[in-house]
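Here are my notes on this model, as numbered points. Please read them with the structure open.

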Amino acid sequence: KEKEGFKMKSLRKIILSLFVVMSVFTFAKGNSGSSIRFGSPRVGYITVPTNWYEFGDPDASPTAKQVSIDNTNIITLDIVATNGRGTAKRAAEVIIQKYINLGTPEDNIFEGSVNINGYEGEQVAIEYDDGSVLIMYYIEANGNIYYIAQEGEPEYQKQLAKAIKTWSPRR
């Protein structure tokens, strides 16, 4: 019975891993309308469709910039370390420990290396019990650690990932 539980946990982790990889490398078709660069010089920029809107989460840091398809499927751009303080790997380790301390089962957390538009970093994905997903990217560029996150319902993750793929610290 314990062996079956382990197999289910492993299978769940593999499925979440595949979902994360697919969301980064496979993109939804459609939404071929015009687009804009969204962000700021402090947190970097992504290209988003013009029908997305700026989102303001009162719990976000003062430097964060957020854009949303609706009020549930959101991208957050922020900066977590400057001037060479910290690494993407360490930022990922800290956030994983935070979620474990908050009671998130380790089987619902995936960590791995990532490359976004030529910039290297770490990603941490969390699958919640309600099926929603939070994927956080810690990217090292210009001596800074940037935080990029996509969150929301599984069926919107490809659209969010398509925008994140365009991230750059410069407009």
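1. Burial. The chain has 171 residues, and 43% of them count as buried. Keep in mind that this is a predicted model.

2. Fold outline. There are 3 helices and 9 strands. Their order along the sequence is α-β-β-β-β-β-α-β-β-β-β-α. Among contacts with a separation of 6 or more, 52% join residues 24 or more positions apart.

3. Main core. The largest nonpolar core holds 26 residues. I46, W52, I75, L77, Y137, I139 and W167 have the most contacts inside it. At least two residues each come from β2 (44–49), β5, β6 (109–116), β7 (119–127), β8, β9 and α3 (157–164). The top contributor is β8, with 5 residues.

4. Second core. A separate core has 16 residues. A88, I96, L134 and Y138 are included in it. As background, nonpolar side chains in soluble globular proteins tend to be buried together.

5. Largest pocket. Its space is about 330 Å³. The lining comprises 18 residues, and D59, A60, S61, T76 and Y147 lie nearest the centre. Elements giving two or more residues to this lining are β5 (74–81), α2 (88–101), β8 (133–141) and β9 (144–152).

6. Which classes make up the lining of the largest pocket? It has 10 nonpolar, 3 polar and 5 charged residues.

Definitions and conventions: Residues numbered from 1 in each chain as written. Predicted model: local features only at pLDDT ≥ 70, side-chain atom pairs only at ≥ 80, totals over all residues. Heavy atoms only, no water. 1 Å grid on protein atoms, 1.4 Å probe; cavity = no way out; pocket = protein on both sides within 12 Å on 5 of 7 lines; lining within 4 Å. Points joined across faces, edges and corners; volume = space filled by probe spheres on them. Helix = DSSP H or I, 4+ residues; strand = E, 2+ residues; numbered from the N terminus. Nonpolar A, V, L, I, M, F, W, Y, C, P; charged D, E, K, R; others polar. Buried < 20%, exposed > 50% of the residue type's maximum accessible area, 1.4 Å probe, protein only. Contact = heavy atoms within 4.5 Å. Core = buried A, V, L, I, M, F, W, Y, C linked by side-chain atoms within 4.5 Å.
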